[in-house]
Amino acid sequence: RLALPRQRGVSGGPTRDTALVAFLVSSGEVTAVRGADGHVAWRRAVPGLGWRPHSLRASGAHPASPTLTAVALRPGGPPSALLAAGDRRVSLLSPAGHILASADLPGAPLLPLAAPADLDGDGLADVLCVTRDGVYGFSQRRRGGGAAGGGSGGLPLSALVGCLVAAMVGVWWTQQAGGRGV
């Protein structure tokens, strides 16, 4: 169950909480249903999230333990994403069904994946995966151009503000110069 942001009522009345109830099937398809009315909010086939428990048992290997759970992206925060895993891949999905991040698994998970805590001290929850060969941790990485230390995509906010100030000074200078006949 994943809580959605508060929505205003149809007639502009009081806000109400809604929630998603999500399902993961062995083909790797995730379906989210709105808890308030039972209608399908979205459906997405995510590559690599499937699993074949019968073929794994027949080969003598441990059956994969798929995962679908609501997780907090920050320890102690409210659940704000869906963590889904099959036998080969793990994906983090937004409440709207968009893939936020994906990674290949080192092996089929023996237990459902968990995001118990911030293991590396960066303020973001990390994911643990237990396989036949060991315990693996997946760490979130910050993205975006506004944070110190770079990141991918876009200019830092300070550069954008600097360009805006330069443009405003240019417009002011043009206005001042236009009034003097220069």
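Q: How are helices and strands defined here, and how many does the protein have?
A: Helices (H or I, at least four residues) and strands (E, at least two) are DSSP runs, numbered from the N terminus. In this protein the secondary structure comes to two helices and 13 strands. Keep in mind that this is a predicted model, where local features need pLDDT of at least 70 and side-chain atom pairs count only at pLDDT 80 or more, while totals for chains, interfaces and linings use all residues. Residues are numbered from 1 along each chain as its sequence is written, and side-chain values use heavy atoms, with hydrogens and water left out.

Q: What does it take for two strands to pair, and which strands does S12 join?
A: Two strands pair if DSSP finds at least two bridges between them. Strand S12 covers residues 126–131. Two bridges join S12 to strand S11 (residues 114–117), and these strands run antiparallel. Ala-117 stands opposite Asp-126 in S12. Five bridges join S12 to strand S13 (residues 134–138), again in an antiparallel pair. Here Val-127 stands opposite Phe-138 in S13. S12 and S13 form a hairpin, with two residues between them.

Q: Which residues does Thr-131 touch?
A: Contact means heavy atoms within 4.5 Å. Not counting residues up to four places away in sequence, Thr-131 touches Pro-106, Gly-107, Ala-108, Pro-109, Leu-110 and Tyr-136.

Q: What lies 3.2 Å from a polar atom of the side chain of Thr-131?
A: A polar contact is a pair of N or O atoms within 3.5 Å; within protein, one must be able to donate a hydrogen and the other to accept it, and residues adjacent in sequence count only if both atoms are side-chain atoms. In this case, the backbone nitrogen of Asp-133 lies 3.2 Å from a polar atom of the Thr-131 side chain.

Q: What is a salt bridge, and how many are there?
A: A salt bridge is a side-chain nitrogen of Lys or Arg within 4 Å of a carboxyl oxygen of Asp or Glu. By this rule the count comes to three. One of them pairs Glu-29 with Arg-43, with the closest N and O atoms 3.6 Å apart. Glu-29 lies in strand S5 (residues 29–34) and Arg-43 in strand S6 (residues 40–45), so this pair ties together parts that are 14 residues apart in sequence. Glu-29 is partly exposed at 28% relative accessible area, whereas Arg-43 counts as exposed at 52%.

Technical notes: Buried means under 20% relative accessible area, exposed over 50%, partly exposed in between (1.4 Å probe, protein chains only).
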